[in-house]
Amino acid sequence: MDAFYASVEQRDHPELRGRPVAVGGARERCVVAAASYEARQFGVRSAMPSATALRKCPELVFVPPRFAAYKEVSRQIRAIFAEYTPLIEPVSLDEAYLDVTLNLKQMDSATQIAREIRAKILAETGLTASAGISYNKFLAKLASDYRKPNGQFVVRPAQGLAFVAGLAVGQFHGVGPVTAARMNELGIFTGADLRAQTVAFLHQCFGKVGRYYFAIARGEDERPVVADRLRKSMGSETTFGQDLHEFADLLEALQPLLEDVWEYCQRSGIRGRTVTLKVKFGDFQQITRSRSGVGLVPGPEVLARICRELVEGLFPLEKGVRLLGVTLSNLSNAQEGAGRQLTLSF
């Protein structure tokens, strides 16, 4: 989807259309969750501190996020996908991989399928989407960004090698800023530079992921589209306007995070065995505290109790808390794990 959160807000609030919009808080410690294309023209990007975004674009309009609305639109979009293929691998609320090799409408053209899906999304939600079409996930992901917004791009098998060769390594999905900088230090700036390296050299410099870099430099990616992939973890976190020092204040701040996590559990039928508390202090030091049980966390009361005990373990505090987060991991289907919920030993 194109600037998904911001586009939903502009759709639902006509007065925001054509204006630079950021979804997030305007307070000093907040960050931009999403930026409209009007805001991006000023250099505003997601994950950017709100104060920085305002300096770049003084006319920026901040809108608080409405995740319930975004999730509902996401469900509409995935229902459209399901008209074409059961092989849908969601990446986030606004992105997914679809394998349309064998599709429900028996269409011969993946390009035409993408065009139809984008048209249906626009007709049913009023929002635009972009698509990348190729013979593997890596190239489809790269192609999806190539004609944004409201466009699509095809990388055919005969084009894959040349397409990758001309791109900067920082544009590769799976190569973050730190890795890209390391590659640049080694004289690797483009896909062609990366393809010139041996697998042994890449493994020496980047470990096991070096083999992945060796493959994608050649336009190769054997990962299948995995439908209904189970998430590895589910979490929620928040940054406070002022550092918190009191136990009661931390417990109060914890409550909406617990509600977010358990709402996902209820909606998905997924439960977890490990509870992790993330804490960032006022000096940006970050710690985590975890507990794992022999069974799945059965309900919100148990989740709240575990988190309360983890918070208690932080006291006495030596410094204020800037950020708090809760994550549930070691996930599995609640019914599959029902037999293991008889005992909780933390």
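# Briefing: fold, buried helix and local backbone features

Glu237 touches Leu257, Lys278, Leu323, Leu324 and Gly325, leaving aside residues up to four places away in sequence; a contact means heavy atoms within 4.5 Å. The model is predicted: local features need pLDDT of at least 70, side-chain atom pairs count only at pLDDT 80 or more, and totals for chains, interfaces and linings use all residues. Residues are numbered from 1 along each chain as its sequence is written, and side-chain values use heavy atoms, with hydrogens and water left out.

**Overall build**

- The chain holds 13 helices and eleven strands. Both are DSSP runs numbered from the N terminus: helices are H or I with at least four residues, strands are E with at least two.
- Along the principal axes, the C-alpha atoms fill a box of roughly 60 × 50 × 50 Å.
- Of contacts between residues at least 6 apart in sequence, 59% join residues at least 24 apart.

**Surface and charge**

- Buried residues account for 42% of the 346 residues. Buried means under 20% relative accessible area, exposed means over 50%, and partly exposed lies in between (1.4 Å probe, protein chains only).
- The chain exposes about 18,000 Å², and carbon and sulfur atoms supply 51% of that area. Accessible areas come from the Shrake-Rupley method with a 1.4 Å probe; for residues, only the protein chains shown count as cover.
- There are 43 positive and 37 negative charges, and their mean positions are 4 Å apart. Lys and Arg count as positive, Asp and Glu as negative; His and the chain ends are not counted. Each charge is placed at NZ of Lys, CZ of Arg, CG of Asp or CD of Glu.

**Helix α1 and the segment before it**

- Helix α1 spans residues 4–12, and seven of its nine residues are buried, so the rest of the structure largely encloses it.
- The buried residues of α1 are Phe4, Tyr5, Ala6, Ser7, Val8, Glu9 and Gln10.
- Ala3 sits in the segment before α1. Ala3 has a positive phi of about 45°, although it is not a glycine.
- Ala3 is buried, at 5% relative accessible area.

- The Lys148 to Pro149 peptide bond is cis, with omega near -5°. Pro149 lies in the loop between α6 (137–144) and β7 (152–154).
- Asn150 is also placed in the loop between α6 and β7. Asn150 is not a glycine, yet its phi is positive, about 55°.
- Asn150 is partly exposed, with a relative accessible area of 45%.
- The Phe315 to Pro316 peptide bond is cis as well, with omega near 0°. Pro316 is in the loop between α13 (300–312) and β11 (321–333).

**Cysteines**

- The whole structure contains zero disulfides; a disulfide is a pair of cysteine sulfur atoms within 2.5 Å.
- Cys57 is in no disulfide, and the nearest cysteine sulfur, that of Cys30, is 17 Å away. Cys57 is buried, at 1% relative accessible area.
- Cys265 is likewise in no disulfide, with the nearest cysteine sulfur, that of Cys307, 11 Å away. Cys265 counts as buried, at 1% relative accessibility.

**Two positions in detail**

- Glu237 belongs to strand β8 (residues 233–244). Glu237 counts as partly exposed, at 45% relative accessibility.
- Glu237 and Pro256 are 19 residues apart along the chain, and their C-alpha atoms are separated by 9.2 Å.
- Met183 lies in helix α8 (residues 177–185). Met183 is buried, with a relative accessible area of 0%.
- Met183 touches Val169, Val175, Ile188, Leu194, Phe206 and Tyr213, not counting residues up to four places away in sequence.
- Met183 and Phe247 are 64 residues apart in sequence, and 45 Å apart in space from C-alpha to C-alpha.
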